[in-house]
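These are short notes for a first reading of the model below. Please keep the structure open while going through the points.

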Amino acid sequence: MARRQFTLGAALALSLAALLRIRPPSGFPFYPPCLFREWTGLACPGCGATHALAALLAGRVAEAAHCNLLLLLLAPAAVALAVQQGYSAWRWNRWRPLPLAPRAVAVLAGAVVVFGVARNFAPHWLGPQ
């Protein structure tokens with residue numbers, strides 16, 4: 001079951017990555033806007049993540065950092081976790097528990113909150129385009 005789930009998830013992720021690469025959000029307006037930003041006028045921690053991911057897929061790291069620095073910093077860890085889960089799914093046909101301690105989750109959540117607040121006070125450094 002895990003093999004099938006991973007295969008479907010990987011196919012979906014690759015399809016979405018291909019869509020972002022072929023039709024980047026800067027030139028195609030069909031991507032949904034951030035509702036938090038529309039309702040409050042403030043940038044949430046995820047604002048600019050779609051643009052950052054599209055820039056990363058195109059190899060433009062500086063542009064990705066300008067769009068959403070948090071995504072750029074967390075992307076390697078997310079890829080490593082996905083590879084670890086994929087290996088477990090293919091090798092043993094089961095999911096491994098995520099190796100995240102509760103303290104690490106709390107630190108990550110705190111970092112997301114601090115980033116979300118900081119990017120509204122320093123938009124020229126941390127704000128989305």
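1. Helix H6 (residues 102–121) has 20 residues, and from its first C-alpha to its last it reaches 29 Å, close to the 28 Å expected at 1.5 Å a residue. The expected span is 1.5 Å times one less than the number of residues. Helices here are DSSP runs (H or I, at least four residues), numbered from the N terminus.

2. A word on the source. This is a predicted model, in which local features need pLDDT of at least 70 and side-chain atom pairs count only at pLDDT 80 or more, while totals for chains, interfaces and linings use all residues. Residues are numbered from 1 along each chain as its sequence is written, and side-chain values use heavy atoms, with hydrogens and water left out.

3. Which residues of H6 are buried? They are Phe115, Gly116 and Arg119; buried means under 20% relative accessible area, exposed over 50%, and partly exposed in between (1.4 Å probe, protein chains only). These residues lie on the same side of H6, because they cover an arc of only 95° around the axis, taken from the directions from the helix axis to the C-beta atoms. An α-helix has 3.6 residues a turn, so residues three or four places apart point the same way. The other side of H6 has exposed residues: Pro102, Arg103, Val107, Val113, Val114 and Phe121.

4. Gly86 is found in helix H5 (residues 69–92). With a relative accessible area of 5%, Gly86 is buried.

5. The whole structure holds 4 aromatic pairs (rings of Phe, Tyr and Trp, the last by its six-membered ring, with centres within 6.5 Å; planes under 30 degrees apart are stacked, over 60 edge-to-face, the rest tilted). The rings of Phe28 and Phe30 have centres 6.4 Å apart and planes at 50°, so this pair is tilted. Together with Tyr31 they form one aromatic cluster. Phe28 is partly exposed at 29% relative accessibility, and Phe30 is also partly exposed, at 48%.

6. How many cavities of 30 Å³ or more does the search find? There is 1, where a cavity is a set of points on a 1 Å grid over the protein atoms alone at which a 1.4 Å probe fits but cannot get out. Lining residues, which have an atom within 4 Å of a point, are Pro24, Pro25, Ser26, His51, Ala54, Ala55, Arg60 and Glu63. Helix H3 (residues 49–57) gives the largest share, 3 residues.

Note on methods
On a 1 Å grid over the protein atoms alone, a cavity is a set of points where a 1.4 Å probe fits but cannot get out, and a pocket is an open set with protein on both sides within 12 Å along at least five of seven lines; lining residues have an atom within 4 Å of a point. Grid points are joined across faces, edges and corners, and a volume is the space filled by probe spheres set on the points. Helices (H or I, at least four residues) and strands (E, at least two) are DSSP runs, numbered from the N terminus.
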